[in-house]
Each structure stands twice: as C-alpha cells, then as structure tokens.
Amino acid sequence: MPRKLAAGNWKMNGLGAALAEVTALAERCPSPKAEVLICPPATLLSRLSAAAEGSPIATGGQDCHTATSGAHTGDISPAMLVDAGASYVILGHSERRADHGESDATVAAKTHAAWNAGLTAIVCVGETEAQREAGETLGVIQSQIASSVPDGATAASTVIAYEPVWAIGTGKVPTLKQIAEVHDALRGQLNERFGSEGNEIRLLYGGSVKAKNAAEIFAVSNVDGALVGGASLTAEDFGPIVEALDAAG
Ligand SMILES: O=C[C@H](O)COP(=O)(O)O
C-alpha cells in the first residue's frame, strides 16, 4: 500500500499571501509519514510548488483538460500542471460535476489525459443528500467509479476520494459506520476490477474533515487519508490533520 495521503483542496481560495501557509506547514510537519499534498488554485500552483521545493509537500491541480494544448480558452492541460510542478490532479470533484456539467465520461477522459502526462489522478465520487435518503448511495458511487475510472488504474496512477456532496463545507459528517460501509464497498469493487492493484489504490474520505474529527475518521477501515477543503487553508488547521493521519499509522 502506498503511503497514506493528506490532500488539501484550496478550491477558489488563496492569494499570494497564502504561500506562507505552505512554509508554515512544512515547518510544523517536517517529516510526515503520510504524503502531504496541496492543490491550490491554478494562479498559485507554480509559486506554491517553488515554495514547497525541498519540503515533503507535493502539489497538484484541481482540474485539467483532456488535450495537451490548443484552442481551449481558460483551460489548463495536464502538461501545464506538470510544468508548474504538480504531481497530482483532482478530477470529477462534485463542484465541477455540478458547476461545469462534468459527466463520468468526461472525468474518465481527463483521468486518461492526466495519466498520460504522468500525473496521479484523484477521482472524486459521492452521493447527494437526496440520493442517500433514497437508499441509493452505494449504487450511485459504484456507478460513478465504474464509469469515471478507466481500465488500467493502478495504485501509482489513481486515488479515489469519497466525498458525500451533503458533507462538503456543511459541517455535517456521515457516521463512522456510513463511511466504513462506503469505503468497504469501494474496496471490494476495486479488488474485483483491478485485482491486487485494486487493494492498493488509496481511498480518501472528504467532507467536513477537521482536526477534531480526523483521528476517528482515519481509524475507519479502508480510509487511507483525506481530501480536505476548508481546513486545509492554514497550517494551523491542516497541521493537526496531517499529524492525526501519521498517528493512525
Ligand atoms: O475537496 C474537498 C472537499 O470538497 C471537502 O471540503 P470541506 O473539507 O471544506 O468540507
């Protein structure tokens, strides 16, 4: 199993002054057992990669196009993310699925493009509150995985993030039993489809992870780390989450 992963998704937050948070995080967590990743807005990626150089903090993008270059105003190619120092890219986040109409097929195409550029794709899946209430959670998530993750996924190329849409930025968190139910089902699906490699693909939980609930979430079976939004914006908030993941072993 690759190292556990504490990934921060800064979403559309952060101006130049936020770079100081990366330096502070590197000082607070100089040699974490877990991998630590920050995915800032594209405007900060190059500067943040430079600021993190020589530290254990990796950087990533929040989206990419399927093409390497061309007439796609406003888009960013996987090669551009690599050029800016990224080693990861988040794909299929529910905010992109909702705001930009990204389908599973789009996410799969972007995942292929990311792999081709040498990036590790963090593919996000998750149910809405209505889907959970209708008892559709596992069906929705397993269908998203089946259609968003292309054949050939490996532990080195792919990470899965389970993020219930209703838990993102709301302070609402599923019960530990609910998290375990989904992660165990995902592990089973990955094992069935990708064999032993599926057993190694890291499964992150995301949705209102904070310092106060991180340790109990990291103790849940088949939780290999977290994709953190709001609580990844400062070293003061993200540092304890990294430390909780380290303590979980
Ligand atoms: O990508 C991160 C998730 O959307 C979680 O965001 P949050 O930690 O602010 O709830």
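Visitor: What is the mean pLDDT of the chain?
Guide: This is a predicted model, and the mean pLDDT of the chain is 97. Of its residues, 100% reach 70 or more.

Visitor: And which ipTM and pTM does the predictor give the complex?
Guide: The complex receives an ipTM of 0.99 and a pTM of 0.98 from the predictor.

Visitor: Turning to the ligand, which residues come nearest?
Guide: There are 14 residues around the ligand. Those that come nearest are Asn-9, Ile-168, Gly-206, Gly-229 and Gly-230.

Visitor: How does that shell divide into nonpolar, polar and charged residues?
Guide: Five residues of the shell around the ligand are nonpolar, eight are polar and one is charged.

Visitor: Which residues does UniProt list under "binding site"?
Guide: The unreviewed UniProt entry covers Asn-9, Trp-10, Lys-11, Gly-169, Ser-208, Gly-229 and Gly-230 with this annotation. These residues are spread over 222 residues of sequence, yet they cluster in space, with a largest C-alpha distance of 14.0 Å.

Visitor: Let us take Gly-230 from that list. Where is Gly-230 found?
Guide: Gly-230 is in the loop that runs between strand 8 (225–228) and helix 11 (235–248). Gly-230 counts as partly exposed because it has 19 C-beta neighbours inside 10 Å, whereas a buried residue needs 20 or more.

Visitor: What about Lys-11, where does that lie?
Guide: Lys-11 lies in the loop between strand 1 (5–9) and helix 1 (19–28). Its phi is positive, at about 50°, although Lys-11 is not a glycine. Lys-11 has 19 C-beta neighbours inside 10 Å, so it counts as partly exposed.

Visitor: And Ser-208, what is its phi near?
Guide: The phi of Ser-208 is near 60°, which is a positive value in a residue other than glycine. Ser-208 is located in the loop between strand 7 (202–206) and helix 10 (211–218).

Visitor: Does Ser-208 count as buried or exposed?
Guide: Ser-208 counts as buried, because 22 C-beta neighbours lie inside 10 Å.

Visitor: Now the active site. Which residues does UniProt list there?
Guide: For "active site", the unreviewed UniProt entry lists His-93 and Glu-163. Although they are spread over 71 residues of sequence, they cluster in space, and the largest C-alpha distance is 8.4 Å.

Visitor: Where is the place of His-93?
Guide: His-93 sits in the loop between strand 4 (88–91) and helix 4 (94–99). With 28 other C-beta atoms within 10 Å, His-93 is buried.

Visitor: And where is Glu-163 found?
Guide: Glu-163 belongs to the loop between strand 6 (158–162) and helix 8 (176–194). Glu-163 is buried too, since 25 other C-beta atoms lie within 10 Å.

Visitor: Which residues does Glu-163 touch?
Guide: Leaving out residues up to four places away in sequence, Glu-163 touches Ser-94, Cys-124, Gly-126, Ile-168, Gly-206, Gly-207 and Leu-227. One of these residues, Cys-124, belongs to strand 5.

Visitor: Why is strand 5 largely enclosed by the rest of the structure?
Guide: Strand 5 covers residues 120–125, and six of its six residues are buried, so the strand is largely enclosed by the rest of the structure.

Visitor: Which way do its residues point?
Guide: From strand 5, Thr-120, Ile-122 and Cys-124 point one way, while Ala-121, Val-123 and Val-125 point the other way. All of them are buried.

Visitor: In what sense does strand 5 pair with strand 4?
Guide: Strand 4 and strand 5 pair in the parallel sense, over four bridges. For example, Leu-91 has Val-123 of strand 5 as its bridge partner.

Visitor: And over how many bridges do strand 5 and strand 6 pair?
Guide: They pair over five bridges, in the parallel sense. Among the partners, Cys-124 is joined with Ala-161 in strand 6.

Visitor: One last topic: where is Ala-114?
Guide: Ala-114 is in helix 5, which comprises residues 104–116. Ala-114 counts as buried, because it has 30 C-beta neighbours inside 10 Å.

Visitor: With which residues is Ala-114 in contact?
Guide: Setting aside its neighbours within four places in sequence, Ala-114 is in contact with Cys-64, Pro-78, Val-89, Leu-91, Leu-119 and Ala-121.

Visitor: How far apart are Ala-114 and Gln-62?
Guide: Ala-114 and Gln-62 are 52 residues apart in sequence, and their C-alpha atoms are 12 Å apart in space.

Methods: Residues numbered from 1 in each chain as written. Predicted model: local features only at pLDDT ≥ 70, side-chain atom pairs only at ≥ 80, totals over all residues. Near = placed C-beta within 6 Å. Nonpolar A, V, L, I, M, F, W, Y, C, P; charged D, E, K, R; others polar. pLDDT = per-residue confidence, 0-100. UniProt positions renumbered as here; feature names shortened; annotations may be inferred. Helix = DSSP H or I, 4+ residues; strand = E, 2+ residues; numbered from the N terminus. Buried ≥ 20, exposed ≤ 12 C-beta atoms within 10 Å, placed from the backbone. Contact = placed C-beta atoms within 7 Å. Pairing = 2+ DSSP bridges.
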